[in-house]
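Work through the two exercises below with the structure open. Each task is followed by a solution in steps.

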Amino acid sequence: MAKLSGGEALVKSLVREGVEVVFGIPGIHMSEIIAALRDEPKIRMVTTRNEAGAAHMADGYARASGKPGIVLTVPGAGLYNAATGLATAYARSSPVLVIAAQVPRPQIGKNLEVYHEVSDQPSVVRPVTKWQRLVLRPREIPDAVCEAFRQMRTGRPRPVLLEIPPEAGVEREEVALRNPAQYSRIVPSQEHLRKAAQVIAHSRLPLIFAGGGVGLSGAEEALLALVEATNIPVITSSGGKGAIPDRHPLCYGACLSPAGERPEMNQLFEVMQSADVVIGIGTRFSLGNPAGEASTLVNINIDDSELTKVQSNTIPLHGDAKATVEALLPFLIEAGAGNRTSPVEAVSAARRLIAYHDIRLKEPQYPILDAMRNSIPEDTFVVWDSTKFGYYARTHYQVNYPKTFIDSGYSFNLGFSFPAALGVKVAEPNRPVVSVIGDGGFMFNSPELSTAVSYGINTTTIVFRDDSYGNVAYDLDEFFAGIYETDLLNPDLVKFTESFGAVGMRADDPMELATLLPLALDCQAPVIIDVPVGDMPLPRAKLQAHLPSVPWVVPQEGLIES
């Protein structure tokens with residue numbers, strides 16, 4: 001044991017867990033922690049302009065690196081600011097550790113209205129964290145850090161919270177540091193695997209539905225081996241984009257939308273509904289199993305609360321996606337699943353039909369997305385905000401490289417993608433990173449341009465500018481007889497960007513992205529590309545089939561309970 005301050009104990013514990021970077025804002029409640037970081041050469045700190053930006057960066061870092069992202073915040077308002085980023089990380093099962101300072105020990109929970117105090121501070125982020133702990137003295141810190149990382153590395157990864165009052169940072173006592181906890185991937189029993197393999201091997205039309213858990217467990221190669229050994233085709237969720245290359249001959253495509261929303265999506269539903277066995281791998285089935293009770297659902301999930309939530313006719317396989325798929329494959333081969341005739345022609349026909357509908361329904365977004373995709377390297381990380389382009393990308397943007405499609409999941413957090421892309425670039429400085437965002441979202445976290453320039457985080461950001469909260473404006477105009485207070489006053493984005501010392505570009509036409517993006521990626525500086533788009537409508541098919549049915553457009557039975 002060594003006599004350490006709490007700040008030193010924390011930083012040394014982070015080093016032992018392999019941490020190389022933390023994101024946050026220095027504050028007086030954590031001065032000793034900041035001093036310990038200053039004196040530790042193995043960790044660097046990226047100071048942001050807002051804790052929300054720090055949390056988004058940590059999320060982006062975690063998703064690109066596969067390692068937990070770390071956030072430092074002051075008590076109260078700092079944690080409130082970070083909560084928006086934690087909500088997105090929670091939605092996409094991203095491992096983020098937020099280390100929040102607390103008010104002095106004697107004042108915790110006393111409601112004395114002291115500096116930065118929030119009564120019951122952990123409750124601020126309890127719904128979007130997996131685990132929480134308050135440590136009150138230095139010697140408690142190594143155990144708490146070790147457990148925080150164990151929580152993030154086992155089961156379903158999600159944000160965790162560690163609170164440290166200022167005295168625990170500066171006091172010194174004998175501290176026993178911990179080595180990282182050892183853990184093993186969870187694998188279902190051989191009995192359960194054999195039963196599932198028999199059902200799959202004797203099915204008529206099996207189908208794999210791959211979700212975000214494939215990427216979280218690094219199961220892409222295992223999934224590909226499963227598909228090619230058994231000739232079972234795949235549909236991916238939006239979170240699962242990149243789990244298998246979209247161009248693979250046994251991949252139907254990505255993302256399901258509610259039935260009736262779009263003709264080409266109905267084609268994917270028809271594929272799902274014809275399946276007699278659906279193999280879910282690391283997916284929540286947030287829309288339910290489209291094949292329904294008529295099919296058998298073999299559900300592989302690390303989160304046991306998701307295993308039988310979808311339907312009663314389920315064979316649950318509680319386990320890590322990678323380890324479970326690898327363990328299942330030999331049983332499938334033994335059961336004869338390797339003798340299945342390849343459905344490549346059927347998959348190809350379905351993909352041609354989807355492409356046919358794409359051409360018929362083509363809106364301005366589609367050629368722009370194609371121009372983007374064709375002008376950047378295939379291994380580019382693209383981080384999507386909640387924009388019309390981001391929505392379309394979930395189904396139409398082709399992804400052929402693992403983990404390169406990053407979005408906010410069901411959180412739909414406006415402004416997420418710009419700071420998240422900075423975190424991605426910190427994790428992967430030698431890979432191209434592009435953020436796609438609207439002007440409304442960009443201005444949420446635009447001061448992080450300062451962070452990008454200060455630390456040389458050279459991402460490229462496409463700002464599709466319509467000077468409006470465009471999606472809301474379109475809904476108001478279409479269904480409520482006119483817009484109201486959705487117009488935005490923006491700065492000149494090129495001049496704004498240049499005022500930080502970054503590079504600003506402007507496209508006269510969105511199709512100019514085909515030439516501007518390669519130039520931007522060659523710049524040794526952060527780049528913002530201003531892309532005026534005007535009034536860009538949603539596809540008519542979506543307006544006619546989907547929006548009139550949603551509860552924020554028309555009242556529906558069951559919204560008001562008696």
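A crossing of two helices is right-handed if the near helix is turned clockwise from the far one by less than a right angle, and left-handed if anticlockwise. The model used here is predicted.

**Exercise 1.** Classify the packing of helix H3 (residues 51-65) against helix H15 (residues 417-427).

Solution.
1. The axes of H3 and H15 are 6 Å apart and form an angle of about 45°.
2. Angles under 35 degrees count as roughly parallel, and 65 to 115 as roughly perpendicular. H3 is therefore oblique to H15.
3. The crossing of H3 past H15 is right-handed.
4. On the H3 side, the contact is made by Gly 53, His 56, Met 57, Gly 60, Tyr 61, Ala 64 and Ser 65. H15 contributes Pro 419, Ala 420, Leu 422, Gly 423, Val 424, Val 426 and Ala 427.
5. Sorted by type, the residues of this contact are nine nonpolar, five polar and no charged.

**Exercise 2.** Which strands pair with E18, and are the faces of E18 buried or exposed?

Solution.
1. Strand E17 (residues 433-438) pairs with E18 in the parallel sense over five bridges. Val 434 has Thr 460 of E18 as its bridge partner.
2. Strand E20 (residues 527-532) also pairs with E18 in the parallel sense, over six bridges. Here Ile 462 stands opposite Ile 529 of E20.
3. In a regular strand, side chains alternate between the two faces of the sheet.
4. One side of E18 carries Thr 460, Ile 462 and Phe 464, the other Thr 461, Val 463 and Arg 465, and all are buried.
5. Strand E18 (residues 460-465) thus has six of its six residues buried.

Definitions and conventions: Residues numbered from 1 in each chain as written. Predicted model: local features only at pLDDT ≥ 70, side-chain atom pairs only at ≥ 80, totals over all residues. Heavy atoms only, no water. Axes fitted to C-alpha atoms, helices over the stretch in contact; angles between N-to-C directions. Helix = DSSP H or I, 4+ residues; strand = E, 2+ residues; numbered from the N terminus. Parallel < 35°, antiparallel > 145°, perpendicular 65-115°, else oblique. Contact = heavy atoms within 4.5 Å. Nonpolar A, V, L, I, M, F, W, Y, C, P; charged D, E, K, R; others polar. Buried < 20%, exposed > 50% of the residue type's maximum accessible area, 1.4 Å probe, protein only. Pairing = 2+ DSSP bridges.
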